[in-house]
Amino acid sequence: MRGKITGWFYLSIWLLGTCFFSLLNLVIHGFLKQNQKDLEKSKERNKRKRSVWYGVIGGSGGFVAILCGHYAGTSKEEGILTFLFLGVLTVTAAVDQETMEIPDSLPITVLILSAISVLLEPEGLLQMPLASRIIGFFSASVPMLLLALAIPGAFGGGDIKLMAACGAFLGWKRNLLALFFAVLGGGVWGIWLLLKKKATRTDAFAFGPFLCTGMAISLFWGERLLLWYLKELWSVAF
(Lines give C-alpha, C1' and ligand atoms only; values in the text may rest on other atoms or scores of the structure.)
Protein backbone atom coordinates (compact mmCIF):
# COMPACT_ATOMS: atom_id res chain seq x y z
CA MET A 1 0.00 0.00 0.00
CA ARG A 2 2.87 2.30 0.81
CA GLY A 3 4.34 1.76 -2.66
CA LYS A 4 1.06 2.77 -4.26
CA ILE A 5 0.88 5.93 -2.19
CA THR A 6 4.47 6.75 -3.09
CA GLY A 7 3.68 6.11 -6.75
CA TRP A 8 0.69 8.46 -6.67
CA PHE A 9 2.76 11.04 -4.81
CA TYR A 10 5.47 11.06 -7.47
CA LEU A 11 2.83 11.13 -10.20
CA SER A 12 1.28 14.21 -8.60
CA ILE A 13 4.69 15.86 -8.33
CA TRP A 14 5.38 15.07 -11.98
CA LEU A 15 2.06 16.58 -13.10
CA LEU A 16 2.57 19.73 -11.04
CA GLY A 17 6.11 20.13 -12.37
CA THR A 18 4.96 19.61 -15.94
CA CYS A 19 2.18 22.18 -15.59
CA PHE A 20 4.49 24.76 -14.00
CA PHE A 21 7.22 24.37 -16.63
CA SER A 22 4.58 24.52 -19.37
CA LEU A 23 3.61 27.93 -18.00
CA LEU A 24 7.26 28.94 -18.24
CA ASN A 25 6.83 28.84 -22.02
CA LEU A 26 4.60 31.91 -21.62
CA VAL A 27 7.35 33.63 -19.62
CA ILE A 28 9.89 32.79 -22.32
CA HIS A 29 7.55 34.10 -25.00
CA GLY A 30 7.12 37.29 -22.97
CA PHE A 31 10.86 37.90 -22.89
CA LEU A 32 11.14 37.20 -26.61
CA LYS A 33 8.27 39.56 -27.31
CA GLN A 34 10.35 42.37 -25.85
CA ASN A 35 12.75 41.79 -28.71
CA GLN A 36 10.56 41.86 -31.83
CA LYS A 37 13.38 40.80 -34.10
CA ASP A 38 13.98 37.58 -32.22
CA LEU A 39 10.24 36.98 -31.93
CA GLU A 40 9.83 37.23 -35.69
CA LYS A 41 12.79 34.90 -36.11
CA SER A 42 11.14 32.36 -33.83
CA LYS A 43 7.84 32.69 -35.69
CA GLU A 44 9.53 31.73 -38.91
CA ARG A 45 10.56 28.40 -37.48
CA ASN A 46 8.69 25.24 -38.28
CA LYS A 47 5.63 24.97 -36.03
CA ARG A 48 6.36 21.32 -35.38
CA LYS A 49 9.83 22.15 -34.06
CA ARG A 50 8.41 24.83 -31.79
CA SER A 51 5.83 22.40 -30.45
CA VAL A 52 8.56 19.88 -29.70
CA TRP A 53 10.60 22.58 -27.94
CA TYR A 54 7.65 23.61 -25.76
CA GLY A 55 6.90 19.95 -25.07
CA VAL A 56 10.47 19.31 -23.98
CA ILE A 57 10.37 22.24 -21.55
CA GLY A 58 7.01 21.16 -20.14
CA GLY A 59 7.98 17.51 -19.88
CA SER A 60 11.29 18.32 -18.24
CA GLY A 61 9.37 20.08 -15.47
CA GLY A 62 8.01 16.75 -14.27
CA PHE A 63 11.48 15.24 -14.16
CA VAL A 64 12.89 18.30 -12.39
CA ALA A 65 10.10 18.24 -9.80
CA ILE A 66 10.73 14.56 -8.99
CA LEU A 67 14.47 15.18 -8.81
CA CYS A 68 14.00 18.10 -6.42
CA GLY A 69 11.58 16.09 -4.30
CA HIS A 70 14.00 13.16 -4.14
CA TYR A 71 17.05 15.16 -3.11
CA ALA A 72 15.17 17.51 -0.81
CA GLY A 73 13.87 14.60 1.26
CA THR A 74 11.59 15.85 4.04
CA SER A 75 12.51 19.53 3.52
CA LYS A 76 9.60 21.01 1.56
CA GLU A 77 11.21 24.44 1.57
CA GLU A 78 14.36 23.13 -0.07
CA GLY A 79 12.38 21.18 -2.66
CA ILE A 80 10.40 24.27 -3.64
CA LEU A 81 13.44 26.56 -3.72
CA THR A 82 15.52 24.20 -5.87
CA PHE A 83 12.56 23.67 -8.20
CA LEU A 84 12.03 27.41 -8.64
CA PHE A 85 15.78 27.91 -9.11
CA LEU A 86 15.87 25.34 -11.91
CA GLY A 87 12.80 26.96 -13.41
CA VAL A 88 14.63 30.29 -13.60
CA LEU A 89 17.61 28.53 -15.18
CA THR A 90 15.33 26.99 -17.80
CA VAL A 91 13.92 30.38 -18.77
CA THR A 92 17.42 31.86 -18.78
CA ALA A 93 18.80 29.17 -21.07
CA ALA A 94 15.89 29.44 -23.52
CA VAL A 95 15.95 33.25 -23.70
CA ASP A 96 19.72 33.45 -24.05
CA GLN A 97 19.68 30.82 -26.78
CA GLU A 98 17.22 32.91 -28.79
CA THR A 99 18.46 36.43 -28.06
CA MET A 100 22.09 36.06 -26.91
CA GLU A 101 21.07 38.17 -23.91
CA ILE A 102 20.13 37.46 -20.29
CA PRO A 103 17.61 39.98 -18.88
CA ASP A 104 18.59 41.48 -15.52
CA SER A 105 15.31 40.34 -13.98
CA LEU A 106 16.46 36.69 -14.10
CA PRO A 107 19.63 37.07 -11.99
CA ILE A 108 17.63 39.32 -9.64
CA THR A 109 15.08 36.52 -9.24
CA VAL A 110 17.88 34.12 -8.31
CA LEU A 111 19.15 36.63 -5.71
CA ILE A 112 15.67 36.76 -4.19
CA LEU A 113 15.60 32.95 -3.98
CA SER A 114 19.05 33.09 -2.34
CA ALA A 115 17.81 35.57 0.27
CA ILE A 116 14.78 33.38 1.01
CA SER A 117 17.08 30.38 1.34
CA VAL A 118 19.20 32.20 3.91
CA LEU A 119 16.12 33.15 5.94
CA LEU A 120 14.59 29.65 5.87
CA GLU A 121 17.88 27.87 6.57
CA PRO A 122 16.84 24.62 4.81
CA GLU A 123 18.69 21.36 5.40
CA GLY A 124 20.37 19.26 2.73
CA LEU A 125 21.54 20.65 -0.60
CA LEU A 126 21.07 24.29 0.37
CA GLN A 127 22.48 24.03 3.88
CA MET A 128 25.71 26.03 3.94
CA PRO A 129 27.36 28.87 5.88
CA LEU A 130 26.47 32.41 4.89
CA ALA A 131 30.15 33.00 4.14
CA SER A 132 30.01 30.33 1.44
CA ARG A 133 27.20 32.23 -0.28
CA ILE A 134 29.01 35.57 -0.01
CA ILE A 135 32.22 34.10 -1.42
CA GLY A 136 30.16 32.33 -4.07
CA PHE A 137 28.83 35.67 -5.26
CA PHE A 138 32.38 36.66 -6.26
CA SER A 139 34.10 33.30 -6.83
CA ALA A 140 33.20 32.91 -10.50
CA SER A 141 31.83 36.32 -11.45
CA VAL A 142 35.01 38.28 -10.63
CA PRO A 143 37.35 36.03 -12.70
CA MET A 144 34.84 36.14 -15.55
CA LEU A 145 34.68 39.94 -15.33
CA LEU A 146 38.46 40.27 -15.36
CA LEU A 147 38.72 37.93 -18.32
CA ALA A 148 36.01 39.87 -20.16
CA LEU A 149 37.92 43.11 -19.56
CA ALA A 150 41.15 41.55 -20.78
CA ILE A 151 39.54 39.80 -23.76
CA PRO A 152 36.50 41.75 -25.03
CA GLY A 153 33.62 39.41 -25.78
CA ALA A 154 34.95 36.53 -23.69
CA PHE A 155 31.84 36.66 -21.50
CA GLY A 156 28.69 38.74 -21.68
CA GLY A 157 27.47 40.95 -18.88
CA GLY A 158 24.44 38.74 -18.42
CA ASP A 159 26.62 35.67 -17.94
CA ILE A 160 28.64 37.43 -15.25
CA LYS A 161 25.56 38.67 -13.40
CA LEU A 162 23.99 35.22 -13.58
CA MET A 163 27.07 33.57 -12.08
CA ALA A 164 27.20 36.13 -9.29
CA ALA A 165 23.56 35.56 -8.36
CA CYS A 166 23.81 31.78 -8.64
CA GLY A 167 26.95 31.81 -6.52
CA ALA A 168 24.88 33.25 -3.70
CA PHE A 169 22.42 30.38 -4.13
CA LEU A 170 24.85 27.49 -4.67
CA GLY A 171 27.83 28.56 -2.58
CA TRP A 172 31.36 28.99 -3.87
CA LYS A 173 32.24 25.30 -4.35
CA ARG A 174 29.24 24.43 -6.48
CA ASN A 175 29.49 27.72 -8.35
CA LEU A 176 33.07 27.08 -9.43
CA LEU A 177 32.16 23.52 -10.40
CA ALA A 178 29.27 24.88 -12.46
CA LEU A 179 31.65 27.19 -14.30
CA PHE A 180 33.99 24.26 -14.95
CA PHE A 181 31.17 22.14 -16.39
CA ALA A 182 29.98 25.08 -18.50
CA VAL A 183 33.42 25.80 -19.94
CA LEU A 184 33.91 22.10 -20.66
CA GLY A 185 30.54 21.77 -22.39
CA GLY A 186 30.91 25.06 -24.26
CA GLY A 187 34.39 24.09 -25.41
CA VAL A 188 33.18 20.77 -26.80
CA TRP A 189 30.28 22.52 -28.54
CA GLY A 190 32.59 25.14 -30.04
CA ILE A 191 34.97 22.48 -31.36
CA TRP A 192 32.04 20.61 -32.91
CA LEU A 193 30.83 23.78 -34.65
CA LEU A 194 34.31 24.40 -36.03
CA LEU A 195 34.72 20.83 -37.24
CA LYS A 196 31.33 20.91 -38.94
CA LYS A 197 32.19 24.35 -40.39
CA LYS A 198 29.02 25.80 -38.92
CA ALA A 199 30.98 28.61 -37.29
CA THR A 200 34.31 30.37 -37.45
CA ARG A 201 36.71 31.24 -34.65
CA THR A 202 35.31 34.77 -34.50
CA ASP A 203 31.68 33.67 -34.22
CA ALA A 204 29.97 33.73 -30.82
CA PHE A 205 27.30 31.46 -29.43
CA ALA A 206 25.04 31.64 -26.40
CA PHE A 207 26.95 30.54 -23.30
CA GLY A 208 23.99 30.87 -20.94
CA PRO A 209 22.57 27.39 -21.68
CA PHE A 210 25.92 25.84 -20.74
CA LEU A 211 26.09 27.86 -17.52
CA CYS A 212 22.57 26.80 -16.59
CA THR A 213 23.27 23.16 -17.35
CA GLY A 214 26.50 23.32 -15.36
CA MET A 215 24.65 24.78 -12.37
CA ALA A 216 21.98 22.08 -12.50
CA ILE A 217 24.63 19.35 -12.55
CA SER A 218 26.62 21.03 -9.81
CA LEU A 219 23.55 21.49 -7.61
CA PHE A 220 22.72 17.79 -7.43
CA TRP A 221 25.96 15.95 -8.19
CA GLY A 222 28.76 18.53 -8.07
CA GLU A 223 30.26 17.63 -4.71
CA ARG A 224 29.99 13.90 -5.37
CA LEU A 225 31.81 14.28 -8.67
CA LEU A 226 34.48 16.42 -7.01
CA LEU A 227 35.02 13.85 -4.23
CA TRP A 228 35.19 11.03 -6.78
CA TYR A 229 37.68 12.99 -8.87
CA LEU A 230 39.96 13.75 -5.92
CA LYS A 231 39.71 10.27 -4.45
CA GLU A 232 39.92 8.08 -7.55
CA LEU A 233 42.23 10.10 -9.76
CA TRP A 234 44.41 11.86 -7.19
CA SER A 235 44.11 9.40 -4.29
CA VAL A 236 43.14 12.10 -1.84
CA ALA A 237 41.91 10.60 1.43
CA PHE A 238 38.78 11.92 3.18
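Reader: How much of the protein chain counts as buried?

Author: Buried means under 20% relative accessible area, exposed means over 50%, and partly exposed is in between (1.4 Å probe, protein chains only). Here, 40% of the 238 residues of the protein chain count as buried. Keep in mind that this is a predicted model, where local features need pLDDT of at least 70, side-chain atom pairs count only at pLDDT 80 or more, and totals for chains, interfaces and linings use all residues. Residues are numbered from 1 along each chain as its sequence is written, and side-chain values use heavy atoms, with hydrogens and water left out.

Reader: What does the secondary structure of the protein chain come to?

Author: Helices (H or I, at least four residues) and strands (E, at least two) are DSSP runs, numbered from the N terminus. This protein chain has ten helices and zero strands.

Reader: Which residues have the most contacts inside the largest nonpolar core?

Author: A nonpolar core is a set of buried Ala, Val, Leu, Ile, Met, Phe, Trp, Tyr and Cys residues joined through side-chain atoms within 4.5 Å. The largest one here has 46 residues, and those with the most contacts inside it are Phe85, Leu86, Phe169, Leu211 and Met215. H4 gives the largest share of this core, ten residues.

Reader: And what is Phe85 in contact with?

Author: Contact means heavy atoms within 4.5 Å. Setting aside neighbours within four places in sequence, Phe85 touches Val110, Leu113, Cys166, Phe169, Leu170, Met215 and Leu219.

Reader: Which residues of helix H6 are buried?

Author: First, the general idea: an α-helix has 3.6 residues a turn, so residues three or four places apart point the same way. In helix H6 (residues 130-139), the buried ones are Ser132, Arg133, Gly136 and Ser139. Looking down the axis of H6, they fall within an arc of 120°, so they line one face of the helix. That arc is taken from the directions from the helix axis to the C-beta atoms. The buried residues of H6 pack against H5, H7, H8 and H9.

Reader: At what angle do H6 and H9 pack?

Author: Axes are lines fitted to C-alpha atoms, for helices over the stretch in contact, and angles run from 0 to 180 degrees between N-to-C directions. H6 and H9 pack at about 25°, with their axes 7 Å apart. H6 and H9 are therefore roughly parallel to each other, a label for angles under 35 degrees. Ser132, Ile135, Gly136 and Ser139 of H6 meet Trp172, Asn175 and Leu176 of H9.

How values were computed
Angles under 35 degrees count as roughly parallel, over 145 as roughly antiparallel, 65 to 115 as roughly perpendicular and the rest as oblique.
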